[in-house]
Amino acid sequence: DSSCCNNERSYFSAAINLHNQMTEVLWLAAANIVPSSSQQYDKNDFVQAIQQGLGQMPLLRCDNNNNILDIGVCVDKDLQVMQCPDNQVESWKKDEN
């Protein structure tokens with residue numbers, strides 16, 4: 001969309017605004033999922049907490065020990081969070097582990 005990203009400044013401003021909308025730590029805390037060196041959380045609970053806050057299913061990338069490495073979110077051309085396309089979901093699944 002040229003209205004949001006017609007120059008470098010507007011592109012980075014849009015990226016910062018999107019970043020500020022993603023409050024994963026708050027969404028997780030609302031589900032009683034907090035940083036811990038001793039407590040482990042079920043991956044499904046983690047996904048559900050993010051999904052509830054985000055309004056869409058997030059993409060997760062984990063290592064072999066089920067440590068979360070990355071959280072992905074898909075946005076449309078109007079910079080609205082959207083359901084990720086199947087090919088993107090499959091691509092993330094292939095890259096997992």
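The structure is a predicted model, in which local features need pLDDT of at least 70, side-chain atom pairs count only at pLDDT 80 or more, and totals for chains, interfaces and linings use all residues. Residues are numbered from 1 along each chain as its sequence is written, and side-chain values use heavy atoms, with hydrogens and water left out.

**Exercise 1. Describe how strand 1 and strand 2 pair.**

Step 1. Two strands pair if DSSP finds at least two bridges between them. Strand 1 (residues 59-62) and strand 2 (residues 68-72) have 4 bridges and run in the antiparallel sense.

**Exercise 2. Find which cysteines the disulfide joins, and work out where Cys-62 stands.**

Step 1. A disulfide is a pair of cysteine sulfur atoms within 2.5 Å. The structure holds 1 disulfide, and this bond joins Cys-74 to Cys-84, with an S to S distance of 2.2 Å.

Step 2. Cys-74 sits in strand 3 (residues 74-75) and Cys-84 in the loop between strand 4 (81-82) and helix 5 (86-95), so the pair ties together parts that are 10 residues apart in sequence.

Step 3. The torsion about the S-S bond is about 110 degrees, so the disulfide is right-handed.

Step 4. Both partners are buried: Cys-74 has a relative accessible area of 12%, and Cys-84 has 7%.

Step 5. Cys-62 is in no disulfide, and the nearest cysteine sulfur, that of Cys-84, is 15 Å away. Cys-62 is buried too, with a relative accessible area of 2%.

**Exercise 3. Describe the largest pocket and the second largest pocket.**

Step 1. On a 1 Å grid over the protein atoms alone, a pocket is an open set of points where a 1.4 Å probe fits, with protein on both sides within 12 Å along at least five of seven lines; lining residues have an atom within 4 Å of a point. A volume is the space filled by probe spheres set on the points.

Step 2. The largest pocket has a volume of about 550 Å³. Its lining has 19 residues, and Gln-39, Gln-40, Tyr-41, Phe-46 and Ile-68 lie nearest its centre. Helix 3 gives the most to this lining, with 3 residues.

Step 3. The second largest pocket has a volume of about 260 Å³. Of its 13 lining residues, Met-57, Pro-58, Leu-59, Val-89 and Lys-93 lie nearest its centre. Helix 5 gives the most to the lining of this second pocket, with 4 residues.

Note on methods: Helix = DSSP H or I, 4+ residues; strand = E, 2+ residues; numbered from the N terminus. Buried < 20%, exposed > 50% of the residue type's maximum accessible area, 1.4 Å probe, protein only.
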